[in-house]
Amino acid sequence: MSIISVQHIKKSFSDGVQVLKDISFDVEQGEILGIIGPSGSGKSTMLRCIAQLENVDDGSIYVCGSPIVENGKYAAKDELRKIGLNLGFVFQNFNLFPHMSVLQNITDAQIHVLKTPKAEALEIARKLLADVGLSDKENAYPCELSGGQQQRVSIARSLALKPKVLLFDEPTSALDPELTGEILAVIKKLALEKMTMIVVTHEMAFARDISDKIIFMADGVIVEQGEPKSVISNPQTDRLKDFLKRFNQ
Amino acid sequence: MTKIILPMLSASVVSIEVFFLTLIFSVPLGFPLAAGRMSRFKPLSYLVNAFLLVIRGTPLILQLIAVYFFPAYLFKISYDRFVAAIIALSVNYACYFAEIYRGGIQSIPKGQYEAAKVLGYTRMQTFFRIVLPQLVKRIVPAMGNEVITLVKDTALVSVLGIAELFRTAQTTSSRLFSTTPILIAGVFYFIMNWAVSSGFVVIEKKLDYYK
């Protein structure tokens, strides 16, 4: 059973633009899926639909076997919240809570959503901070951190809830090229630990290095999918060839 | 001098009572008003918006008179003037606070709500743990303005015959044929507002631990 199964989802925005035309794919446990494509292709929207930040108009999404939406019909609110806890989401602009310290950002949801006792939450938070290399920043506030540091905290915050799948929405797009490396290193580490991940990214080399499977989306459809070495190194369609040309300057 | 100052001191206590009671009622009342104003249910938001426009668009002194005298003339109900004053002031200030809250809430980035959602927070938790703390910091300057105005607006309840500082200063002035009591009242108001603005400076400093 795939850990995530997306079947024929369709979505249009209120102005009539069809952003997702008919998307289907599966993600297996321990797999890393890279999603690449031009802006406006619908890749972020699709990821956000899986995370329940947007609603689809039709189709089905299954997470760990349970349906978020089945043929356009959404499950009940409590069900949705429960299923949602299996997913972690890392935003392009981090979205850390500015009024909480780094440590509080990571422990707050553990304590108030998972009802983890404070001592245990702190232990987990500290371990994750060490994993992302920010142990010395535990009492700092997000406004005192660089973009790369904030994103690493944001990853730690998602991991603290022990999700089964981590979704990344262009995690490095808001960062300077120099800071991008920090994040990619963290994601690589998670890959080694066999974390199931879906990464929407513009970082072509990264997508090729780390993904088990790549999906290329354009204009709301999946144009090509497959192993990185075939999709990126050996594109079949003109659309993909055009897209990749820009990166092979 | 003591004959002037002593009654004014005890009248100040009445002004201060009016001030605190109004705050106690209007600060919470602003929230449901803001919620109604921001409601997606159009009839409700139009109704609340109309109410906010009327209350903020008409003189507070008229509202004070209306709240006390309309029930008396229309329904022959007469009740305590002090209660009427607090009701009128609280409703009036709640409307101003509602707009301040609305501005603050709308200035909180959508990403905060999205982060809370993916982390599994309930709507209540999102409001109390994520939105409200950030809202407080954003609205402190505007609230400071309103609270300072409130200190001065307590003088308006004199129109209902309540013996607060301004009225007492007025009557003492005419009794003694001197403007001194009015000047002293000015000093009293200034001192009260100086305490209030200092209070707000302290609050702003305490909230300055993050940007």
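Mentor: Two residues are in contact if their C-beta atoms, placed from the backbone, lie within 7 Å. This is a predicted model: local features need pLDDT of at least 70, side-chain atom pairs count only at pLDDT 80 or more, and totals for chains, interfaces and linings use all residues. Residues are numbered from 1 along each chain as its sequence is written, and chains are lettered from A and ligands numbered from 1 in the order in which they are written.

Trainee: How many residues of chain B are in contact with chain A?

Mentor: Count residues on each side of the interface. Chain A contributes 19 residues. From chain B the number is 17.

Trainee: Which element gives the most to the side of chain B that touches chain A?

Mentor: Helices (H or I, at least four residues) and strands (E, at least two) are DSSP runs, numbered from the N terminus. The elements giving two or more residues to that side are α5 (110–118) and α6 (123–153) of chain B. With 6 residues, the most comes from α5(B).

Trainee: How do the residues of that side divide into nonpolar, polar and charged?

Mentor: Ala, Val, Leu, Ile, Met, Phe, Trp, Tyr, Cys and Pro count as nonpolar, Asp, Glu, Lys and Arg as charged, and the others, Gly among them, as polar. On the side of chain B that touches chain A, the division is 8 nonpolar, 5 polar and 4 charged.

Trainee: How many helices are there in chain B?

Mentor: Chain B has 0 strands. Its elements run α-α-α-α-α-α-α-α from the N terminus on. The C-alpha atoms fill a box of roughly 70 × 45 × 20 Å along the principal axes. The number of helices is 8.

Trainee: Turn to chain A. Why is one side of β2 and of β6 left without a neighbour in the sheet?

Mentor: Two strands pair if DSSP finds at least two bridges between them. In chain A, 5 strands form an open antiparallel sheet in the order β2-β1-β4-β5-β6. β2 (18–27) and β6 (73–74) of chain A stand at the edges, so each has a single partner strand.

Trainee: Which residue is the bridge partner of A:Ile61 in β5(A)?

Mentor: β4(A) and β5(A) run antiparallel, joined by 3 bridges. They form a hairpin with 2 residues between them, and A:Cys64 in the turn has a positive phi of about 50°. The partner of A:Ile61 is A:Val69.

Trainee: How many residues of α1(A) are buried?

Mentor: A residue is buried if 20 or more other C-beta atoms lie within 10 Å of its own, exposed if 12 or fewer, and partly exposed in between; C-beta atoms are placed from the backbone. Helix α1 (residues 43–50) of chain A packs on the sheet, touching β1 (4–12), β2 and β4 (58–63) of chain A. Its buried residues include A:Lys43, A:Arg48 and A:Ile50. Helix α1(A) is largely enclosed by the rest of the structure, because the buried count is 8 of the 8.

Note on methods
Axes are lines fitted to C-alpha atoms, for helices over the stretch in contact, and angles run from 0 to 180 degrees between N-to-C directions.
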